[in-house]
Amino acid sequence: MKALVSVKRVVDYNVRVQVKSDGSGVITEGVKHSMNPFDEIAMEEAVRLKEKGKLTEIVAITIGGAKNEETLRSALAFGADRAIHIKEEGDVQPLTAARAFAAALKKEGAQVFFAGKQAIDDDANQTGQMVAALLDIAQATFASKVELDGGKAVVTREVDAGLETLEVDLPAVITTDLRLNEPRYLKLPDIMKAKKKPIETVTFADLGVEKGAALTISKTSAPPKRSKGIMVKTVDELVSALKSKGLV
Amino acid sequence: MSKILVIGEISDGKLNSGTAKVVAAAAQIKGDITVALFGADVSAAAADAAKLDGVSKVLKIESAANANPLAAVYAPQIVELAAGYSHVLFPGTAFGKDTAPRVAAKLGVQQVSDIMVAHSPTSFDRPTYAGNAIVTVEAPAAPAIVATVRLASFTAVGSSANAAIESASSSAALPSHTRFVKLEAQKSERPDLQAAARVVSGGRALGSSDAFKIIYSLADKMGAAVGASRAAVDSGYVPNDMQVGQTGKIIAPELYVAAGISGAIQHLAGIKDARTIVAINKDAEAPIFEVADFGLVADLFTAVPELEGKL
């Protein structure tokens, strides 16, 4: 059984993101990038399922320019068998990405589509659900536990009320939440091995995908700054400050 | 004029409090507001929704298939219902985030996630990079705008209205590929981290999971939820569902108490909407003090129990 895992190259979570002074976006040049942390969890889960014999092949997939090859190499070092690079330089919004992933999923005949629940750049939290919708297949989002068994998956999901368990027929989309696993630390021999694994390059046109209508971003601004508050010297001072603000 | 369909959420048979905030977002867009409620029996929730100020109609879509909130089952019905509406709004909850993109994709539209402000029927502010960059987006008006609403950005509307309640049915074909198995409600006596008005978090300075007891104890005294920094989670002191930050939970409580948390960027991204931040740290240079409303340079092992004792 084959899984397709989408991985996105994003500004590293440790970077303090700066908004450009002209409001045209955030500064991404010269800034450390890495694989979206939720996608790392998706990769890790796929690899664990393959190690358990539940999956036979893992294909990593990404959309973006030349630099995204680094992200695919990381996915290959995690344990993906091969990778697909959908070459596209411009801004790709979730529905467009979902159309491309849905086309690739169909072409590959993969039974599971894994993705992080959201990317930490646009924070959209849409693409996985949209892939499922476009293909009319099941979705299990925000997964904290995944069991694959025959043609089915039993997935525990993190919902606001607690943990919800769904049983879904495959093929299905599974998006991963933080609690699912802790991604492995990539080792040098795996990174070396990843360099020899194949990456196939395709375009939207190859997949029969058109970009379609998009949201227009007219302005990017920094959030209102928090001002530095008051330093108190003792716990008593703190308690009276909180009491005066009616907080305790 | 806009015709706005609000997809209400039901928790434990009652109207989820987020729905009144989604209605507030709809009121900001301006237009005729209908609330749709899906379930097996939604009468109690419908009665509450009908009271929400600004709502002109409540639609009940009741069937055995709707007993549990399955995105794959609700989405085709919402798509069918959406005809004639200019906007379909969902709460920015697990339910809304799960369901809205499935509806948007079926309608062939890009979705607007986490509306913070509606400037006009087609222009919205939404957060990116965990709230570190706010983008203003223009969405094409046709065929419809599908969006989720960031609940922390809106104040619930009042409930003095008396809207009409109608039943609606759906002829949409429903899939059988998704089956609800069970819901295990969180057993914790403490409030939910994301909904709590008060949160107490501990960081790496705690040094062990055993030491976290003083954090739990203070939280219980305050009726607060308990959170943690990524460093504390990575060190194994607490499970990672307690992680507050960009890659964990993004929260907006009235009061946030950070004990032994230095204030890494990724943590600050998760708390910047907190109304009041209190930081207790023995390092006077810790970045957390840059954003704290009240800072106390002290050893948390003495200050936290002392604080608990004096509240």
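Start with the ground rules. This is a predicted model, where local features need pLDDT of at least 70, side-chain atom pairs count only at pLDDT 80 or more, and totals for chains, interfaces and linings use all residues. Residues are numbered from 1 along each chain as its sequence is written, and chains are lettered from A, ligands numbered from 1, in the order in which they are written.

Now the contact. It takes 69 residues from chain A and 69 residues from chain B. Contact here means C-beta atoms, placed from the backbone, within 7 Å. On the chain A side, E9(A) gives the largest share, eight residues. Helices (H or I, at least four residues) and strands (E, at least two) are DSSP runs, numbered from the N terminus.

Next, the strands. E12(A) and strand E10 (residues 133-138) of chain B run antiparallel, joined by five bridges. Pairing requires at least two bridges found by DSSP. Take Lys219(A): its bridge partner in E10(B) is Thr136(B).

Finally, two helices. How do H7(A) and helix H9 (residues 300-310) of chain B pack? At an angle of about 45 degrees, with axes 10 Å apart. Axes are lines fitted to C-alpha atoms over the stretch in contact, and angles run from 0 to 180 degrees between N-to-C directions. The two helices, H7(A) and H9(B), are therefore oblique to each other. Oblique is what remains after under 35 degrees (roughly parallel), over 145 (roughly antiparallel) and 65 to 115 (roughly perpendicular). Who meets whom? Val235(A), Asp236(A), Leu238(A) and Val239(A) meet Ala303(B), Glu306(B), Leu307(B) and Lys310(B).

Methods. Contact = placed C-beta atoms within 7 Å.
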